[in-house]
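Subject: Structure handover

Hello,

Here is the structure we spoke about, with the sequence. My notes on it follow below.

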Amino acid sequence: MDFQHTEDRRMLADMAGRYVREQYAIEDRHKIAAGENGYSKEKWAEFAELGLIGALFGEEVGGFGGAGFDIAVVFEELGKGLVVEPFLANLIAGKAISVAGSDQQKAMLESVIGGETTLALAYGEPTTRYSLNQIAMGGSTIGNGYVLNGHKSVVLNGDSADHLVVAARTSGTAGDDSGLSLFLIDANSEGISRRGFGTNDGYKAAEIMFSKVEVSQDALIGTEGEGLSILETAIGWGILAVCAEALGAMQVASDQTLDYLKTRKQFGVPIGKFQALQHRLVDMLIEIEQVRSALINAAGHMDAPANERDWHLSSLKNLVGRAGKLIGEESIQMHGGIGMTFEYSVAHFAKRLIMIDHLFGDTDHHLKKIIDLSGKRAA
């Protein structure tokens with residue numbers, strides 16, 4: 001099997017990497033993250049012009065990529081700069097639309113790819129934790145449409161998005177695999193209230209309340225009551241993306257640690273000459289290569305049957321959670337006190353790695369999922 005990227009993907013990676021290195025300094029990133037939207041609309045427009053948003057989606061919806069390796073290439077480079085622009089939120093919401101949306105809904109993705117419209121996927125609730133079938137928010141029918149009532153929590157970039165893809169239960173109860181439906185609605189619709197907040201790692205999320213929000217039949221994505229598989233597919237793309245982002249962050253954290261070990265002196269010699277520290281750095285590098293291999297494997301299975309795809313994604317996510325914790329902690333410990341300061345960037349990479357473990361399911365959640373899916377694969 002050839003693990004080399006195509007020439008187009010190598011060019012995409014080089015372009016994205018060069019932009020992040022030259023135009024996205026960590027100091028600028030902090031200023032952007034502290035802004036009202038939590039991201040820069042100017043930077044978002046530049047990313048769109050470079051084609052980085054279009055690389056996340058297939059040609060059938062106006063993009064020019066959309067495959068697993070395209071997402072992996074883009075997000076690995078974004079991870080190296082801790083880019084806060086809403087790539088992840090638009091990816092997972094956009095994938096739900098591209099998988100099952102109507103022609104009219106898919107047409108909206110052209111403006112997303114152009115950087116003119118932003119999306120967010122509102123699915124998590126205070127009581128769902130990581131189980132998608134535990135969604136309980138109501139979506140009752142009324143006339144030729146629906147009325148949505150409920151609470152969505154930790155919606156990535158939910159406070160600034162123009163449109164929301166909302167998961168609501170149109171039949172059954174929490175825990176049922178059937179009865180879940182997805183809707184594409186204007187984020188400024190009457191009855192929607194949003195409270196944005198910054199996350200621990202410098203990104204933005206929102207709590208969103210829905211009170212008697214009326215939507216038409218045209219807002220439904222796919223078939224009523226069969227939204228769980230669509231949502232699982234969208235979250236699967238999100239898992240691949242954040243794992244690729246984590247790989248980029250791990251690389252920067254290890255590179256910074258290596259540079260520090262070469263320059264920091266103790267007893268008149270660089271501390272990188274101490275064998276104990278060399279062994280710890282080697283452990284970090286081994287973990288990075290394991291993550292890289294698992295990422296390649298998962299990216300190559302994004303079009304596989306659901307059980308097969310999800311097994312590879314859970315294996316990757318479990319590994320990334322464990323490796324990210326080790327690399328984040330080791331990076332800070334080998335830097336000493338300076339590694340804990342806000343001005344020094346390694347602490348921000350460590351925080352992002354820890355937070356990625358909790359996005360879309362932590363290590364324990366995915367370990368259980370691996371066990372469950374292993375039985376289904378063997379059957």
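Ala206 counts as buried because its relative accessibility is 0%, and the cut-off for buried is under 20%. Please keep in mind that this is a predicted model. Ala206 belongs to strand S7, which covers residues 204-216. Leaving aside neighbours within four places in sequence, Ala206 is in contact with Lys152, Ser153, Val154, Val155, Gly158, Asp159, Arg195, Gly196 and Phe197. Between the C-alpha atoms of Ala206 and Ser160 there are 8.9 Å, while 46 residues separate the two along the chain.

One of those contacts of Ala206, Val154, is part of strand S3. Val154 is not a glycine, yet its phi is positive, at about 50°. Asn157 is another residue other than glycine with a positive phi, near 55°. Asn157 sits in the loop that runs between S3 and strand S4 (163-169). Is Asn157 buried or exposed? Asn157 is buried, because its relative accessible area is 10% and buried means under 20%.

S3 also pairs with strand S2 (residues 138-142): the two run antiparallel and are joined by five bridges. Thr141 has Tyr146 in S3 as its bridge partner. S2 and S3 make up a hairpin that has two residues between the strands, and Gly143 in the turn shows a positive phi of about 60°.

In soluble globular proteins, nonpolar side chains tend to be buried together. Here the largest nonpolar core contains 97 residues, and Phe75, Phe87, Leu240 and Phe360 have the most contacts inside it. Helix H8 supplies the largest share of this core, with 20 residues. Apart from this core there is another, of 21 residues, which include Leu148, Leu164, Val166 and Ala219.

The largest pocket has a volume of about 1200 Å³. Its lining is made of 44 residues, and those closest to the centre are Tyr130, Ser131, Leu132, Phe360 and His365. Two or more lining residues come from each of strand S3 (145-156), helix H8 (228-263), helix H10 (306-335), helix H11 (346-358) and helix H12 (363-378). Which element gives the most to this lining? H12 does, with eight residues. By type, the lining of the largest pocket has 19 nonpolar, 13 polar and 12 charged residues.

How many cavities of 30 Å³ or more does the structure hold? There is one, and the volume of the largest cavity is about 160 Å³. Of the 16 residues lining the largest cavity, Val83, Glu85, Leu88, Tyr203 and Arg352 are the closest to its centre. Helix H4 (68-81) and helix H5 (87-100) each supply at least two residues of this lining, and H5 gives the most, with three. The lining of the largest cavity divides into 11 nonpolar residues, one polar and four charged.

Regards

Technical notes:
Residues are numbered from 1 along each chain as its sequence is written. This is a predicted model: local features need pLDDT of at least 70, side-chain atom pairs count only at pLDDT 80 or more; totals for chains, interfaces and linings use all residues. Side-chain values use heavy atoms; hydrogens and water are left out. On a 1 Å grid over the protein atoms alone, a cavity is a set of points where a 1.4 Å probe fits but cannot get out, and a pocket is an open set with protein on both sides within 12 Å along at least five of seven lines; lining residues have an atom within 4 Å of a point. Grid points are joined across faces, edges and corners, and a volume is the space filled by probe spheres set on the points. Helices (H or I, at least four residues) and strands (E, at least two) are DSSP runs, numbered from the N terminus. Ala, Val, Leu, Ile, Met, Phe, Trp, Tyr, Cys and Pro count as nonpolar, Asp, Glu, Lys and Arg as charged, and the others, Gly among them, as polar. A nonpolar core is a set of buried Ala, Val, Leu, Ile, Met, Phe, Trp, Tyr and Cys residues joined through side-chain atoms within 4.5 Å. Buried means under 20% relative accessible area, exposed over 50%, partly exposed in between (1.4 Å probe, protein chains only). Two strands pair if DSSP finds at least two bridges between them. Contact means heavy atoms within 4.5 Å.
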